[in-house]
Amino acid sequence: MRSRSNGKKDRKSIVLPAAIGILASIAAAFFFFYWSVHDQEWSRRSMAAEAVTSATYMTVVERVETFVGDKTYSIVFGKDGEGKDAIAWFDPEEDTVHLEYVTNGITEDEARQKVKSAHPESEILRATPGVWDGVYLWEVFYRLDGEDGSHYYYDYYRFSDGEKIDTWRLVRIK
């Protein structure tokens, strides 16, 4: 006949491994889901970095962002072999790359400052290089708070000289 303490030990020896197995299964499912969601984006960024480094003087890739306009571009930030900062616009549909040295245009900080000069109370949420009608530019996304609530805007500035191209105000959904 079994004593009570042995029965408790038998339950623990079953429950603990089962709980660990369930937690491991949940963790594996979460990892697989996360990987499957991000795999396409990671592949796109890797492809952009490879295309830019093989087609231009950029040898070091620091980061890759996405710009979505008329087309989707991968924006690659990096340096050439001499350490000069550069930005490349990669069009995966056309398999084309356009590279500009940062010194050939306005910087991200200058694009942000243009919005701040016009709207000191704005909260700048993001600034990204992009392309619009064949023009290389900076897209600055920001929020302005007013009496009737917050409004979101995109300002577009030509990369080469900082000239303002346009402002888009997002429609507020109530």
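1. Let's start with Val140. Leaving aside residues up to four places away in sequence, Val140 touches Ala111, Arg112, Val115, Ile124, Arg126, Ala127, Tyr153, Tyr154, Asp155 and Tyr157. Bear in mind that this is a predicted model.

2. Val140 also turns up in the largest nonpolar core, a set of 19 residues. Together with Ile75, Ile87, Trp89, Trp138 and Tyr142, Val140 is listed there as having the most contacts inside the core. At least two core residues come from each of S2 (72–80), S3 (85–91), H2 (108–118), S5 (123–132), S6 (135–146) and S7. S6 gives the most, with four residues.

3. Tyr157, one of the residues touched by Val140, stands opposite Lys164 in S8. Five residues sit between the two strands, and Gly162 takes a positive phi near 80 degrees.

4. As for the overall layout, I count along with the assignment: two helices and eight strands, in the order α-β-β-β-β-α-β-β-β-β.

5. Worth a look is the overall extent. The chain has a radius of gyration of 25 Å, whereas a compact globule of 174 residues would come in near 16 Å. The C-alpha trace spans about 90 × 50 × 30 Å along its principal axes. Of the 174 residues, 29% count as buried, and carbon and sulfur atoms hold 55% of the roughly 11,500 Å² of accessible surface.

Notes:
Residues are numbered from 1 along each chain as its sequence is written. This is a predicted model: local features need pLDDT of at least 70, side-chain atom pairs count only at pLDDT 80 or more; totals for chains, interfaces and linings use all residues. Side-chain values use heavy atoms; hydrogens and water are left out. Two strands pair if DSSP finds at least two bridges between them. A nonpolar core is a set of buried Ala, Val, Leu, Ile, Met, Phe, Trp, Tyr and Cys residues joined through side-chain atoms within 4.5 Å. Buried means under 20% relative accessible area, exposed over 50%, partly exposed in between (1.4 Å probe, protein chains only). Contact means heavy atoms within 4.5 Å. The radius of gyration is taken over C-alpha atoms; the globule rule is 2.2 Å times the number of residues to the power 0.38. Accessible areas come from the Shrake-Rupley method with a 1.4 Å probe; for residues, only the protein chains shown count as cover.
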